[in-house]
Amino acid sequence: MRLLLVEDHPSLAEGLSDALGRAGFAVDHAATLAKARALAANADYDLLLLDLGLPDGDGLNLLAELRREQAVPAIILTARETLSDRLAGLDGGADDYVVKPVEMPELIARCRAVLRRPGGRLGTVLAVGDLRLDSVQRRVTVGEQTISLGQRDVGVLEQLMRRKGQVVPRRVLEAAVYAFSAEVTPNALEAAISRLRKAIESAEGGASIHTVRGVGWLIEADTTGEP
Ligand code: CA
C-alpha cells in the first residue's frame, strides 16, 4: 500500500511516516502542496493523508484537484475541529476526517478502514494455492502456520497475489514497496523474490513465483499433477 502524506509539521510528519511504515505502508512525504502535486503526478497512490493548513495553500484545494482525475481514498488530518470545517472536508471528497492530536493506532486503523470499503484497495484475505495473505493484519499463513516475512517482502507478495496468474511488471513491484526516499539497490527486488520463493516452498504453500524474463513476475497455484 502506497501512501502520500501531506504534512508540513516536521516532527509530526516524521512520527507519522515511521508509524505508517511499520504498519506496512510505503510512505512518500510532501511538506507543501507543490511537492504533493509533483509526487501525485508521478505515482499511483492507494491513500492520501492530508493536512489542511499548508505553507502554500489549503489541502482542500489539492483534494479537489485530485478528485477530478482519480478516486484515490483520502483522509484529512487537521487541527481544524469545527462542524463547518468537518463538513467542508467530507463534502470536499474526503473519506474520513481526523482531528489532531490523534493516537497513532487509531489513525492506522482508520487508514485500513477506508481502504477496506467497497471499491477500496484493501481486500479481505488474498489466496493462491494454500497461501493466504491477510492484507489488514499483514500476515502470511499456510494453514495454521504463520510465515515470517519482512514488511517489504509482504508488500511484494501482496502485489503478486492481487494479480494472481498475471505478470506484474518490475516497476509496479518496486513502486509498491519503496517510497521515493528509500534507497533501492539494483537487486533488492530479486532478493525479495528469492526470499519469498524459499519461504513459500519451505512452508509448502502450494504456489510458485515465476519469472517472465525482461517483463516481471507472476504467482500461481501449483498444479497437483494427475487428477
Ligand atoms: Ca499544517
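This section describes the domain organisation, nonpolar cores and one β-sheet of a predicted model.

The protein chain is assigned two domains, with domain 1 covering residues 2–116 and domain 2 covering residues 125–221. Taken over C-alpha atoms, the centres of domain 1 and domain 2 are separated by 27 Å.

The largest nonpolar core comprises 27 residues, and the most contacts inside it are made by Leu 131, Leu 157, Leu 160 and Ile 219. Two or more residues are contributed by each of the strands β8 (125–128), β9 (131–134), β10 (139–142), β13 (207–212) and β14 (216–221), and likewise by each of the helices α6 (151–162), α7 (170–177) and α8 (188–202). Of these elements, α8 provides the most, with 6 residues. A second, separate core consists of 22 residues, among them Ala 40, Val 72, Ile 76 and Ala 94. In soluble globular proteins, nonpolar side chains tend to be buried together.

Residues up to four places away in sequence being excluded, Leu 131 is in contact with Leu 126, Val 140, Thr 141, Val 142, Ile 147, Leu 157, Met 161, Ile 200, Gly 205, Ala 207 and Ile 219.

An open sheet of 4 strands is arranged in the order β8-β9-β10-β11, and its pairing is antiparallel. β8 and β11 (145–147) form the edges, each pairing on one side only. On average, and with direction ignored, neighbouring strands of this sheet are turned by 30 degrees against each other. The antiparallel pairing of β8 with β9 extends over 4 bridges, and Leu 126 has Leu 133 of β9 as its bridge partner. Helix α6 packs on the sheet through contacts with β8, β9 and β10, and its direction makes about 110 degrees with that of β9.

How values were computed:
Residues are numbered from 1 along each chain as its sequence is written. This is a predicted model: local features need pLDDT of at least 70, side-chain atom pairs count only at pLDDT 80 or more; totals for chains, interfaces and linings use all residues. Side-chain values use heavy atoms; hydrogens and water are left out. Domain bounds come from an automatic or database domain assignment. A nonpolar core is a set of buried Ala, Val, Leu, Ile, Met, Phe, Trp, Tyr and Cys residues joined through side-chain atoms within 4.5 Å. Buried means under 20% relative accessible area, exposed over 50%, partly exposed in between (1.4 Å probe, protein chains only). Contact means heavy atoms within 4.5 Å. Two strands pair if DSSP finds at least two bridges between them. Axes are lines fitted to C-alpha atoms, for helices over the stretch in contact, and angles run from 0 to 180 degrees between N-to-C directions.
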